[in-house]
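Hi,

Here is the structure I promised to pass on. Have a look at it first, and then read my notes below.

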Amino acid sequence: MIKYGYTILYVGDVEKTVEFYTKAFGLTQKFITPEKDYAELETGNTVLAFASYSVAEYNGIDITKSDTSTPPPAFEVTFVTDDIGGAYQQALSAGAVGVKEPTQKPWGQTVAYVRDLNGFLVELCTAM
């Protein structure tokens, strides 16, 4: 049996990214290597992790580096909360870039979008 366990985003500065996610989204750091090239955050049943570009290179994996001056990559990280407005403002205060203010969808869900300091798209939404 296979189960979903991790999402790992490759970034230029793991420590700075973890600091951002703890401030912007209230997450807690679970683990960081002594070299500060890999870290995990407490997120519930799955793990959101960050690895440095050097980890990809070490593993012989060619990746496209994220770039805040271009559109975000074709995926998003999603956090579920009851307080979309508060979460959106907290993320902006921590340095996130607003993409779409909180909006109620026809099916009743409220969503908002920001970009993190690496340029990744982050959705904030109410549960379905």
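Let me start with a strand pair: V97 sits opposite R115 of β7. Strands here are DSSP runs (E, at least two residues) and helices are too (H or I, at least four), numbered from the N terminus. β6 and β7 are paired in the antiparallel sense over 5 bridges, where pairing takes at least two DSSP bridges between two strands.

A word on the source: this is a predicted model, with pLDDT of at least 70 needed for local features and 80 or more for side-chain atom pairs, while totals for chains, interfaces and linings use all residues. Numbering runs from 1 along each chain as its sequence is written, and side-chain values use heavy atoms, without hydrogens and water.

Back to the sheet: it is open, with 4 strands in the order β5-β8-β7-β6 and mixed pairing. β5 and β6 (97-104) are the edge strands with a single partner each, so one side of each lacks a neighbour in the sheet.

Two helices come next. α1 lies across β5, β7 and β8, at about 25° to β8; angles run from 0 to 180 degrees between N-to-C directions, with axes fitted to C-alpha atoms, for helices over the stretch in contact. α3 packs on the sheet and touches β6, β7 and β8, contact meaning heavy atoms within 4.5 Å. α1 (residues 14-25) and α3 (residues 84-93) also pack together at about 145°, their axes 7 Å apart. K23, A24 and F25 of α1 meet A87, Q90 and A91 of α3 there.

Happy browsing!
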